Each structure stands twice: as C-alpha cells, then as structure tokens.
Amino acid sequence: MPEPKPFQRLPKSIVPEHYVITLQPNLKSFHFEGHVLIRVKIVQPTQKIVLNTVDLTIDKVTIQRTDSEGSGIVKPTTISTSEDDEIATFDFPRELSIGNYDLEITYIGEVNNKMKGLYRSKCVNANGEEKYSAVTQFEATDARRCFPCWDEPAIKATFDIILEIESGLTAVSNMPVKKLTNIEGGLVQYKFDTTPKMSTYLVAIIIGDYAYEEARSGSVVVRLYAPPDKLSQGQFALQISPDVLSYYNNYFNVAYPLPKMDLAAIADFSAGAMENWGLVTYRETCLLMDPRNPSASRKQFIALVVAHEFAHQWFGNLVTMEWWTHLWLNEGFATFMEYLCIHKLFPEFDIWSQFVTDTYIRALELDALKNSHPIEVPVGHPSEIDEIFDDISYNKGASVIRMLHQYIGDDDFRKGMQSYLTKHQYGNTETEDLWKSLQEASGKPVGAVMSSWTRQVGFPLVKAKLDFEGQDAILSLTQEKFCADGSVEENSPKWLIPISVSTSKSPGNEEVTTVLEDRETKITIKNLPANGWVKINVGTVGFYRTQYTPDMLHRLTPAISNQSLPPLDRLGLLDDLLANVQAGRTPTSEVLRLLLAFKNETHYTVWSSIHNCLCKLSVLLSNTEYYDAFCKYARLLLSGIGERLGWEPRNDESHSDTLLRSLILSQLIWFDDIEHGKKGVELFERRDQRPIPVDLRGVCYRAALRVSNDTNTLDTLLDVYRTTNLQEEKDRIGRALGSLKGDTLLSRALDFSMSADVRPQDSVFIITAISNSRQGRKLAWEFVKARWPELSERYKGLFLLNRLIKLCTENFATYEMAKEVEQFFEKQDCSTSERTIQQSIESIQLNAAWLTRDLNCIKEFFDSENALIL
Ligand code: BES
Ligand code: ZN
C-alpha cells in the first residue's frame, strides 16, 4: 500500500462566505491577471490566514474589517507559499479578532497547457486558423490554480464571477450573464449572477469562439455550446437534456435550482465530462456526433454521459461529500443514476443488462486484487485524491447501490433519496448520512448491511453445494473473501450478503431470498425435479462471486444452451467461472468447455461477456504455441452468430442487434477470420460509392488495417484522422490502429499517436489500443518507456496517466515482465500512480501464475477433439 503523504486540512478559524473573482485572461500571452475579494468570517482569533494556491504569483494582499468594529486596511508582514502543500500563508502584524472581513488578493497566473485549473484549448476554425479558448477544470483540487481559495468541498460559499475579455469572444460561467460593459482597452466585461452556495471545485468558466443552440425544460434554459462549425453535432445531446432534467426533478422531487443549464464541448479535455453546476463541460466525443449518421453506440454513450453529469447536479452539487474519502457517494451514485434515467428514457437500449458487463464486472475484477482499496478510503494529499477516481469509486460504488436498490425496492429508495437531498441541500454529507435516510425510509438495516461493503476491501465468494433429501434439495452456502490468486485468508472478513436463489421450476424468479450473515447457511428447496438446477444471485445483482460444485454446474449447462436460464444469469455464471479459473479454483479447460454451450447465444450483453472472456484467454494464450488453435476455436464459436447477423443492417432491427453486429464482426476480424476480413476490406474500398453504415465503420477500418496491412491503407486513414471535423471518426480510427500487424506499421502508428495531429488527451487511447494486441504489446511498452519523460510530464496529475500505465502493462504474463515493470517504475517519480502500478504488477503475476498452472490442461484441451465439436 502506498505510504500516506503528510497532509493537513485547512484551519477552521476562518470561514469564506462569498468570493468576487475578476479575471483578465490574455489568449495570446497566456497570462491572466486575477483579483479576488473574499468576504470571510473569522470565528477564532488568529494572526495568520492559510488558504490554497498553486502556480499563482501573489502580488498584493490586504484585509479589512467590514462590520461595526471596522478599522483600516491591514497588510500581512509575510506572504509565504508552499508548492508541496499547495498553500499560501499570510502572517499579520497583530491578531485578527472574531468578526467579518474582506480579504483582497491581486495575483497573476498562466492560462496553462496542463488541462487543469484555467487552461488553454486549441481549436482550428473553419478557415484553418488556430485559435485558443480558456477553459477550466477544477475537480478535484485545481480551483486553487485559478484563484486563491479554501479549496475543500465542505467549505461552501457563493461566487460572483467577472471576466474581462477581448470583444468578439463568448464567455460562459455557472450563472447567467447579469451585465455586459465595454471597458478600457477594447475589452468587454462580463458580470455573472451570484451562484448558490457551492464548493470551489464546481466553479467553471469558458471563454472562446463558441456558438450555441437553445432548448427549455420548464423554466430552465438549456444551451449547448460548441465551436460554430460543430454546433449541429450537438443536436442529440440538446434534444435529450430537457428530458433528463425533468426525469431527475421528478425522481428526486427537488427542482433543479439554477435558472439555466449549459452543456459545452471542449476540444482539449482530460476527463470525459465534468459536472460544474450550471455549466457541464464535455470532451467532444462525449457530447457531439454526426447528425446525418447517428450511430447507435454513440447515442447510447452520449445519453449516459449527459445523464451522469446531470445526476451530479443534485448528487454532488446540491449535496456534496464532506471530504474526498466519500468521493464514491458522488461518482457511485451518478453512475447508478445514469442507468436508472436512461432506462426510463430509452427502454430499447436494455441498459441495465449492459450495466453488468460495463460496470459490475469491471469492479469485481479490480476488487479481487490485494492492491484494491475500500470504497471509503482515507485520502489527504491531492495526489492521493486523484488516484481514487477509479473503478472502485465508480463501478463498485454503483454496483453496491444497485444491490441496495434491489434490497429495499424502488419506492423506499426514492423516498429515502428525496429526504436525504432535502435535508442536506447546500450542505455536505458522509456515507452514513445516506444510509440513515435510506434506513428510515425502508425500515431495513441499511447501515449494517452496507458498511460491510463500503468499509471493507474486496467481496465474498459464496460456495454452493446441493444435497438431496427425498423430494427436497438442501442448498448449503458458505462465504469467504474472494482473492484473485485463489488464496484463502485466515480470519477472512464477513459480509452481510443479500442472497437470491432461482431454480429450474421458474427460471427468472427469486424462489428464495435471505441475508447471509454468518459463515454458512442451509436453505431447503422444496420439490426440485431430479435433474433440476439451482442458480444463486438471480439477475447478477449481488456483489459477489459464486462457486458451484461440478454437479450443480453440470445441471445448469443445458439451461445455457437452450437459453431457459435468463441472459444475466447465463452471463454471471460464465464470468464467475472465468474468475474461479483465473484464481486456480478450477482448470481453464472448464471455461473453454462451458463457452461451447453459448454457441447459439443471441443476447448482446451475454456476447459482450463472452467477448470479455475471449479477450482474457487471448491475452494468456498469446504467450503460448496454442494461440492459433485458440483463434480457430474463437472463430468457430463466433461463426453462427456472425452468419445470422450478416453485414447488412436491417431497417427494423433492435438497438441491441446493431451493437451486437459490430461486436461480433470485429471479433471475427480480430481472430483473423478470412471471409469476414475480406468483406470488411471490400466495404472499405467501396466507401466512396456506398458509404459504410456508421455502426460498421470501425469494423471496416479494422479489417482494412489488419488484412491489407499496408502503408497505403494506414496513410489513407491517418489522412482522414487529420482532416475530419468529427471527433467520433478520429476515435474510431485511433482505436482501429490496434488492428495493424507488424512492427513497422505499428511503430508508425505509435509515432503518430504523439504527433501534433493528435490531441494529448487522445494519444493515450491510441497507445493503449496498440498495446492491446499481441504484436503491439511489447512495442507499446518499449515506446512508453522510451517516451516516459514526455508522457509523465504531459499527464502529470491526470487520470490519463494511470489509464496508460494500467493498459500498457497489465496484460503481460511472465514473472520477468512483472519484475521489469516494477524496476522501471521504481526509478520514476510516480506519486499519483503508486496504487495503479502495484495493481499492474499484481495482474501480471496473476497471469504468469495462471499460465504456469494450466499450460498442460490447455494443451490437452486443444490437442483433443474438444475444440472441434462446435
Ligand atoms: N466528476 C467527474 C469528472 C472528473 C473525473 C473530475 C476525474 C476529475 C477527475 C465526472 O462526473 C465523471 O465522472 N466523468 C466521467 C464520465 C462519466 C460519464 C462516467 C469521466 O470523465 O470519465
Ligand atoms: Zn461523475
């Protein structure tokens, strides 16, 4: 575990109540002049003021008492700053007694190129001219890079923002414009309305060449801001926004409190989107799409992102975590709510099924590691805070909430949420406060059940065994901690596990529900037919893995092939088995055999889980001589469904079938299926005569790069990358580069990723796409090592660095590589990535152990007829 860094919260002797922030940014010199007036209350006499700043040059500081005791202006005797602690300390000549004061600070700063604080974003306009905007990204701890402040989420205040900018540009902030004035120097002064009481990390500003389109949701004005030539790409997001807002107004029964809601597309943006109150900022790909060729996957993605950020307007903005330890309250909840909302708005997306593969399983995978962390994790220093924006806070957070939602039911859940939001509005909370409201609403022991999931690291393995007694079956269940390496912890912690059981008598229904509190329990199942099956964790809602006896699994297998077992149960069964295989609890041949039962599978999400399984196996087997045999096996498994879907989208097909077609065809191409490869190339080559259906473009690019595998195709696609004004097209091409083969082309693609043609935030996705392939893995790692100084400088303090480290290392499968990765990072300064690096090393070691253990059984499987019985 990483050593905690020395850290202290700001002293509580002074409370800021209102900020008036005036900024004059220059988009040519990239400097800005700042002035902040902070109305503060001194609540304990003190001789010094400590607040947060970083990378600002403070010019002048004064304080003046403003209440009846008022006296003159006082200046500090010393102003000292600490870069490490990100604070400034003002020492005053005499004690400041209790009362109201105005603290004024004049300073200068840089409109930086770090994608945090107040930073510059480059746009090339329709005439090919380079223009810069100035935009902000403050979460978690970067408001202090823009104005000196008490930069902690619990220190809420109101804000007046004043911007003095060149005329002709547009400026937007959290609140509507109150007044526009022409001021000296040909500048325009924008004064915005006062915000509600809020945390510093939610303040936002954008200044640049932006145009907007407007809609309304009741009395709330909704605008979508984008570069003028991309405005039409925002139609879909703008169209759904009022519906999303009214969904939450209604669900939470608390009206959105601001008069407006803006969505802005920002060209250079490190995260996916940011929930600034009243001005949500987005990466272009998370907000914009081709309005003439709307792709199913892009629509779904944009809808989820919008729903996530809007959920934060209540959960996070109106009611905020007391400290970053409770970050999961924000992110876990918003992730859960985005699905609840999109399920309601787009029932045809079948979005809750996708939750299981996209959110729930990713959380289980990470949380099985020894280097995982509890949902509620003590953090202090900013570098530790950045690191917990991870799959635990988001995905485990959302998964345990989904489990709770099912446990208490939607009515009580909603009642509890409404009372929580009303009670704590404009305030701050800890996890316990939420449990309290939900417990009151439901009358169930929410606090006790949930603490076992949020305070402990990891999750349980439930082992199931079935014995028959006459007509009845006795189901025995035990719990222990699930460890990725298969070890059993002595004194393993216990969880309060909501258990549900279904049987072959009524496959989709919960026949029994109970809470497993102890190590073990027995459940009687009446009248189970002699060949009947029993399935634990109905609908894959409980946050645990199940291990069945071979007999129980054997009974379940036919219910997979004939699909009498519901989709999410089929999926859960497969994924649990894979996890048990990785942990060495059962041999790899078991999962290779079970997969065969899925050959008639039709459900998108189940295929998405099979895909996940094939990827894991492919990573492992790419290190062996059985890789070709495995590819053949995969092709056979995929062939039936590939045949059924074909290459022609049908007019009336479902959303899921559209997604399924791209998934299956790209898998077939990945595993080098010759016929499908040819077809993809053919469509690619005829694209000028007949445009490729948008959801198949990525697939065709992959086919073209992989099958043709020549410089020409690569050049053609890189040219499209450079010239298109559709970010989604750039992303499709960037990710398809992982399908190239051969060192020469892969190296060219790696060089391209760091060229001026690719925005810094997008390079990571190209490098990781390449590292995902068998041929590219080592090459990408060598590239990352060689370019490390540049990469770490670029992404310092951004989650992109952790993503890069994880995806470029975790798929190795030898102990030597584990050592190499460890030794490489030991020599670097990686303070914000310590846990990620440990997780990667652990994953590599797990792969190596898996391979060593099961090589023989894999050999036997592929040497026997098994692989061919499809
Ligand atoms: N609050 C986050 C943005 C954020 C992420 C700030 C990391 C600082 C560090 C925002 O609500 C968020 O979660 N964005 C997601 C997209 C979302 C749809 C899951 C993101 O950026 O990945
Ligand atoms: Zn979020």
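Residues are numbered from 1 along each chain as its sequence is written, and chains are lettered from A and ligands numbered from 1 in the order in which they are written. Because the model is predicted, local features need pLDDT of at least 70 and side-chain atom pairs count only at pLDDT 80 or more, while totals for chains, interfaces and linings use all residues; side-chain values use heavy atoms, with hydrogens and water left out.

**The zinc site**

Begin by selecting ligand 2, the zinc ion, together with His308, His312 and Glu331. Which atoms coordinate the zinc ion? They are NE2 of His308, NE2 of His312 and OE of Glu331, at 1.9 to 2.1 Å. Donors here are N, O and S atoms within 2.8 Å of the metal (3.2 Å for Na, K and Ca); water is not among the atoms, so sites may look incomplete. Along the chain, the donors follow the spacing H-x3-H-x18-E. His308 belongs to helix H2 (residues 296-314) and Glu331 to helix H3, 23 residues apart, and the pair links distant parts of the chain. Helices (H or I, at least four residues) and strands (E, at least two) are DSSP runs, numbered from the N terminus. Both His308 and Glu331 are buried, where buried means under 20% relative accessible area, exposed over 50% and partly exposed in between (1.4 Å probe, protein chains only).

**Ligand 1**

Next, select ligand 1 and the 14 residues around it; a residue is near a molecule if one of its heavy atoms lies within 4 Å of it. Glu139, Gly272, Glu275, Glu309 and Tyr394 come nearest.

- His308 has a side-chain N or O atom 3.0 Å from an oxygen atom of ligand 1.
- Glu309 places a polar side-chain atom 2.8 Å from an oxygen atom of ligand 1.
- His312 has a side-chain N or O atom 2.9 Å from an oxygen atom of ligand 1.

From Glu139, step to Ala140: the peptide bond that joins them is cis, with omega about 0 degrees. Ala140 is situated in the loop between strand E10 (130-137) and strand E11 (158-166).

**Aromatic pairs**

A pair of aromatic rings is described by the distance of the centres and the angle of the planes. Rings of Phe, Tyr and Trp (its six-membered ring) pair if their centres lie within 6.5 Å; planes under 30 degrees apart count as stacked, over 60 as edge-to-face and the rest as tilted. The count by this rule is 48 aromatic pairs. Select Trp328 and Trp435 as one example: their ring centres are 5.8 Å apart and their planes at 50 degrees, so the pair is tilted. Trp328 lies in helix H3 (residues 327-345) and Trp435 in helix H8 (residues 431-442), 107 residues apart. Trp328 and Trp435 are both buried.

Now move to Tyr633 and Phe861, an edge-to-face pair with 5.9 Å centre to centre and 80 degrees between the planes. Since Tyr633 lies in helix H14 (residues 627-645) and Phe861 in helix H26 (residues 834-863), the pair ties together parts that are 228 residues apart in sequence. Tyr633 is buried at 1% relative accessibility, and Phe861 is buried at 2%.

**Charges over rings**

Select Lys444 with Tyr407: the lysine lies over the face of the ring, at 5.0 Å from the ring centre. Arg706 lies over the face of Trp670, also at 5.0 Å from the ring centre. The criterion is NZ of Lys or CZ of Arg within 6 Å of the ring centre and within 35 degrees of the ring normal.

**Backbone at two loops**

Most residues other than glycine have a negative phi. Asp350, in the loop between H3 and helix H4 (351-367), has a positive phi near 50 degrees. Asp350 is partly exposed, with a relative accessible area of 28%. Asn491 likewise has a positive phi, of about 50 degrees, and lies in the loop between strand E24 (472-481) and strand E25 (497-503). Is Asn491 buried or exposed? Asn491 is exposed, with a relative accessible area of 74%.

**Last stop**

Finally, select Ser763 in helix H21 (residues 760-771). Ser763 is buried, at 0% relative accessible area. Beyond residues up to four places away in sequence, Ser763 touches Ser753, Met754, Val758, Arg794 and Tyr795, contact meaning heavy atoms within 4.5 Å.

Key. Polar contact = N/O pair within 3.5 Å; in protein donor to acceptor, adjacent residues only side chain to side chain.
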